[in-house]
Amino acid sequence: MVGSWVGYTGGTEPAPTYESVCARNNTHSEAVKLAFDPAQLSYEELMQRLVDDPRVHAPWSDAPPSPPQYRTAVWAQSEAQLEVVSPEEHRRRTRERSPS
């Protein structure tokens with residue numbers, strides 16, 4: 001990783017705080033922005049690590065529901081990245097990794 005930034009995204013409150021984001025009626029999600037060096041780690045590898053992390057509660061996951069501020073979302077920066085993170089692509093990769 002080259003860098004990371006944390007904050008909140010997706011809500012209507014102009015200056016969200018940790019306490020307000022944790023409130024039941026919150027519309028924000030906690031966010032992490034990652035900068036990476038594609039010469040060291042490809043976007044596909046980065047997304048695979050995210051998907052494989054048992055702490056991530058992605059919409060396609062079988063994990064129990066988590067609080068709303070922990071929604072998983074990816075903001076792809078190109079069409080190629082969007083293809084890597086699409087639910088269809090995730091399901092295909094999961095099937096390929098599953099033991100028979």
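Colleague: Which residues does proline 16 touch, leaving aside its neighbours within four places in sequence?
Modeller: Proline 16 is in contact with Tyr8, Val21 and His28. Keep in mind that this is a predicted model.

Colleague: Where does proline 16 sit?
Modeller: Proline 16 is in the loop between β1 and α1.

Colleague: How far is proline 16 from threonine 27, C-alpha to C-alpha?
Modeller: Those C-alpha atoms are separated by 9.8 Å, with the two residues 11 apart along the chain.

Colleague: You listed His28 as a contact of proline 16. Where is histidine 28?
Modeller: Histidine 28 is found in the loop between α1, residues 18–22, and β2.

Colleague: And why is histidine 28 called buried?
Modeller: Histidine 28 has a relative accessible area of 5%, and buried means under 20%.

Colleague: What does the side chain of histidine 28 reach?
Modeller: The histidine 28 side chain comes to 3.4 Å from the backbone oxygen of glutamate 13.

Colleague: How far apart are the C-alpha atoms of glycine 7 and valine 32?
Modeller: They are separated by 6.6 Å, and the two residues are 25 apart along the chain.

Colleague: Is glycine 7 buried or partly exposed?
Modeller: Partly exposed, since glycine 7 has 26% relative accessibility.

Colleague: What about valine 32, buried or exposed?
Modeller: Valine 32, in strand β2, is exposed because its relative accessible area is 56% and the exposed class begins over 50%.

Colleague: Which residues make the nonpolar surface patch?
Modeller: Valine 32 is one of them; the others are Met1, Val6 and Leu34, and the patch is about 430 Å².

Colleague: Is glutamine 48 buried or exposed?
Modeller: Glutamine 48 counts as buried, because its relative accessibility is 16% and the cut-off is under 20%.

Colleague: And how far is glutamine 48 from valine 85?
Modeller: Their C-alpha atoms are separated by 9.0 Å, and the residues are 37 apart along the chain.

Colleague: Back to the whole chain. What is the order of elements?
Modeller: From the N terminus on, the order is β-α-β-α-α-α, with four helices and two strands in the chain.

Colleague: How much of the chain is buried?
Modeller: Buried residues are 23% of the 100 residues. The accessible surface comes to about 7,500 Å², with 54% of that on carbon and sulfur atoms.

Colleague: And the contacts between residues at least 6 apart in sequence, what share joins residues at least 24 apart?
Modeller: That share is 53%.

Colleague: Last topic, confidence. Where is confidence lowest and where is it highest?
Modeller: Confidence is lowest in helix α4, residues 87–97, at a mean of 62, and highest in strand β1, residues 3–9, at 89. Over the chain the mean pLDDT is 77, and 71% of residues reach 70 or more. Where pLDDT is low, the predicted coordinates should not be read in detail.

Terms used:
Residues numbered from 1 in each chain as written. Predicted model: local features only at pLDDT ≥ 70, side-chain atom pairs only at ≥ 80, totals over all residues. Heavy atoms only, no water. Patch = residues over 30% accessible without salt bridge, like charges linked within 9 Å, V, L, I, M, F, W, Y side chains within 5 Å. Areas by Shrake-Rupley, 256 points an atom, 1.4 Å probe, with all protein chains shown as cover. Salt bridge = Lys/Arg side-chain N within 4 Å of Asp/Glu carboxyl O. Buried < 20%, exposed > 50% of the residue type's maximum accessible area, 1.4 Å probe, protein only. Contact = heavy atoms within 4.5 Å. Polar contact = N/O pair within 3.5 Å; in protein donor to acceptor, adjacent residues only side chain to side chain. pLDDT = per-residue confidence, 0-100.
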